[in-house]
Amino acid sequence: MLLKETIRERIIIMDGATGTELQKKGMPAGVCPEIWCLDNPDIIGAVHAGYRDAGADIVTASTFGANRIKLNQYGTYDVVRVNRDLALLARGAVGAGILVGGDIGSTGRFVRPFGDLKFEDAIEIYKEQVRGLLEGGVDLFLIETMMDIQETRAALIAVKELTDTFTSVTMTYEAHGRTLNGTDPVTALITLQSLGADAVGCNCSTGPEEMLELIEAMKPWATVPLVAKPNAGMPELIDGATIFTMGADTFASFGTRFASRGANLLGGCCGTTPEYIRKLKEAVAGVKPVQPMRASISAVSSARSSVILEGKRTLSIVGERINPTGKKALQQELREGRMSLVRTMAKEQEHRGASLLDVNVGMPGIDEKETMLGAIGNLSVTSDLPLVIDSSNIDVIEAALRLYPGRALINSISGERARIEKLLPVAAKYGAMFILLPLAGGDIPETAEKRKKIIEDVFEKAAALGFTKSDIVIDGLVMAASSDFKAPMETLKTIEWSSDVFKANTIVGLSNVSFGMPERTWLNAAFLAMAVSKGLTMAIANPGVEELMNAKLAGDVLAGRDRDASRYIHHFSHVSPKVKQKEASSHKTPQDEVSQAILEGNREDIEQRLSGAMDSGMDAQKIVDGIMIPAITEVGALFDRKEYFLPQLIASAETMKKGIAFLEPWLRDTTLNKKPKGRIIIATVQGDVHDIGKNIVALMLRNHGFEVVDLGKNVPAETIIQEAVRLKPSVIGLSALMTTTMAGMKEIVELAQLKSLDCRFMVGGAVVTKAYAESIGAHYARDGVEAVRVAETLTA
Amino acid sequence: MQVQIFSSIHIPLPLEAIYRRLGYKSGITKIDERKREEIERHIEYAASLVCLKGAGLRVPLERVEPTQVFLATGADIRSAKLAGFLKGCREVLFVGSTAGSAVMDAIRGDIEGDDMTRGVVIDAVASEMTDAALDWIMGLFNRLLARENARLTRARFSAGYGDFLLENQKMMYDMLELGRIGVTINENCILIPEKSVTAVVGIHA
């Protein structure tokens, strides 16, 4: 059977579960399944034959875990032989006329940057398995049940570097619709199909109902056939055993739904049997498969997200900050091999609205390749944004594309001979998109006409390697307006032609236009808006520049890309919430506003509201006693009733603290004459480094007029007692979070008794109970609010 | 037996658990829109600081006696509660996770500085995410164990509970090679950064 042709004609039926079938047929727990199959060829042969007889087009050799890491755990080291023999065994069991797939599963180890297995080691481990399977004569490869996109890429690269055999890649998704490592199905699809997978999909993890949604999500963006191999329903734990409860008829009834949603290859995973496959085959007999809806796609991806660059969509900003040019701190850090600024810049740009991140680490005095690989590793775990690999060094780009756990955009490939001859094949191998820079022959083409010619020449060469216009982003080539006032218009013409005639995405390095000019932001923003009107789809810029991002938002509205202006409205409705607030509170008295600020934990406005109350003629002490104390007491009551939770309690307490500090100059005279409610020493006991709870209690006590001496955390018993002797507190407050340190409280109480200290003890903390407190002769406080009540009782 | 290191664990934000940890009671606690926005901003900030890493190690059990657990490595743990928990298991899985030091610096800065509200929110986010990272590691091992027709116990057991003394954390720290993910342990057997945890899980055939 010629698989690629047959897929276009009908739904391909794959086999069902092997593992659960072997377990039913006596494979004991704890053995190596692959070795057990070799030792029991009749049993695994019967499983394969059963699926053949059920009508499967493809049976899967039982080599799922036949990689070096897994086999070595069972003392088996001849990986090639095991794979070859299991493939031959499958072939022997089913005979000719049916395809045998070489099964490749996870090593169980996570690959860098997500785990400790080196990426190249992972590729070598998989190559060893692939060689064995090729020796065994498999017709296709089935990389399946993968959880980590980087390990999946390693397996796919291993196959593709050894053979052009058809390769299906399926990942397994959790209930929340992502792999265990956070990859969503569309992102996995974009990464894997661009890297050369011949079919992509999902297997295991869910039943058919849930898997339908994953297939449906992938189909619009798929350039390859889709694969669905669900379990026989969601697993249930019954009497300690994992049971798949969906029957064969129900399972098979999903067949036509899978086909109509776009799955082209169907099979089963855990819990399915030949009976399920027979009924599935019957259900989809004669059903016409839905072909991939597109031959190519403009999209890039990271390990955990993707950006589709198609259709009428808002302008994408490529964050330009990760570039050492003109940034001394970044240069220094890269020289020292550190990446903290790179990570910070990534997070900031992501937060500011960048859709992609440009990464350029080229500078004298460093190993650019190693630095680039370090940056990719760091950024892949720090940011979800896809990366733009920016280097003038072809080797650096090649190494980066190999490691990058997604589909990258290359910045850039020009019409220069070396870039075309060396870089285009590299981009093709890793399925990357690239920015086409219309430069050639060492000259900068001044006119749009000259640029069009270079664009067409480069594209012709790229098309010969399989690239389409979807894979390309045309650089409009922005030159400084200060050196040639006609230059910006030529760029706009290039963008307009690329967008309307050539039909490709376009990009500009925005800030070049204002080079050498004062107040550059306005030129950049104006040029951005003009370029958007000509069809610009991407801009390399600093998303931290507010004017620029606002111009982008406005441009998206005016160019009809922000439907109903919803993004624009959403953005600006969040920028000035204070306006609403002021309107809402305009009818309240100044006293009400102070009270409300404390109740709401409004630290920003408390000083202004206190000023208002004092301007209305109220005395500071009266504000404290008559407004603030009742308000914070009300907060305590709300917290007790669970109507407030901890952040609200703390915000109110902090507002109170800030308010008291503000009033202090006016309170000073009265405070001098007013004694605190009592002095309290507070500490976290020795051995315990947890002090948040203790700090909250201290804040609450101070707000209620107690003098608090905070000795900190991990405080030895002797220090607490020494301070108590010196300061003569009314109460000693002790906190402990662990059972092991809680015992320290008892020691302190006993030591105080020995020293005949005249004070009471209040204790609290996660593990402390009222009973324990009473057993050591202390008083218990559950939280900061109760601590105030207890302290007031103890000092009354 | 080889420790598996997870250099970067990505989990869905455990929002419900974070709110619950902060004392939120569904249907009772009332938060106005402004406060909710503030808290969610803090949660988002905290999540950006958390850098989850983890480790897992399967160790066969030699035998389990009523008050003592004997590992195939030759080590043993005295704890009747743990022994009861591991009854019927053939192996144990040691797991550990950390939220990293950046988030601890932020908590300390806020609590000792002037934003205790944000500090307590970050603290809750870091605690829950560190715990969720252990769930993630257990989920991974459960997947890997399925093909062996084995599974993990649903619960996990940490040193410091009952008679499973905190001192055992040192052994777990060493076995899991937690130094490789930036965790240290002090003389009181407390893991540093503070938002770091270890646990024992049973493996049933």
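The model is predicted, with local features needing pLDDT of at least 70 and side-chain atom pairs counted only at pLDDT 80 or more, whereas totals for chains, interfaces and linings use all residues. Residues are numbered from 1 along each chain as its sequence is written, and chains are lettered from A and ligands numbered from 1 in the order in which they are written. Helices (H or I, at least four residues) and strands (E, at least two) are DSSP runs, numbered from the N terminus.

Helix α13 spans residues 274-284 of chain A, and its buried residues are A:Pro274, A:Tyr276, A:Ile277, A:Arg278, A:Leu280, A:Ala283 and A:Val284. A residue is buried if 20 or more other C-beta atoms lie within 10 Å of its own, exposed if 12 or fewer, and partly exposed in between, with C-beta atoms placed from the backbone. A:Ile277 is buried because 29 other C-beta atoms lie within 10 Å. Leaving aside neighbours within four places in sequence, the contacts of A:Ile277 include A:Ile13, A:Asp15, A:Tyr51, A:Ala54, A:Gly267 and A:Thr272; two residues are in contact if their C-beta atoms, placed from the backbone, lie within 7 Å. After α13(A) comes A:Gly286, with a positive phi near 80°.

Strand β3 (residues 99-104) of chain A is largely enclosed by the rest of the structure, because six of its six residues are buried. A:Leu99, A:Gly101 and A:Asp103 point one way from β3(A), and A:Val100, A:Gly102 and A:Ile104 point the other way. Strand β2 (residues 58-60) of chain A pairs with β3(A) in the parallel sense over three bridges, and A:Val59 has A:Val100 as its bridge partner in β3(A). Strands pair if DSSP finds at least two bridges between them. β3(A) also runs parallel to strand β4 (residues 140-146) of chain A, joined by four bridges, with A:Ile104 opposite A:Ile143 in β4(A).

Further along chain A, eight strands close into a barrel with parallel pairing, in the order β13-β14-β15-β16-β17-β18-β19-β20. The twist from one strand to the next averages 30°. Helix α15(A) packs on the sheet and touches β13 (316-322) and β14 (356-359) of chain A, its direction making about 155° with that of β13(A). Axes are lines fitted to C-alpha atoms, for helices over the stretch in contact, and angles run from 0 to 180 degrees between N-to-C directions.

Helix α15 (residues 340-352) and helix α16 (residues 368-382) of chain A pack at about 40°, with axes 10 Å apart. The two helices, α15(A) and α16(A), are therefore oblique to each other, since angles under 35 degrees count as roughly parallel, over 145 as roughly antiparallel, 65 to 115 as roughly perpendicular and the rest as oblique. In this contact A:Val342, A:Arg343, A:Ala346 and A:Lys347 of α15(A) meet A:Ala375, A:Asn378, A:Leu379 and A:Thr382 of α16(A).

Between chains, 44 residues of chain A are in contact with 43 residues of chain B. Elements giving two or more residues to the chain A side are α2 (19-24), α28 (646-673), α29 (692-703) and α31 (739-754) of chain A. Among these, α28(A) gives the most, with six residues.
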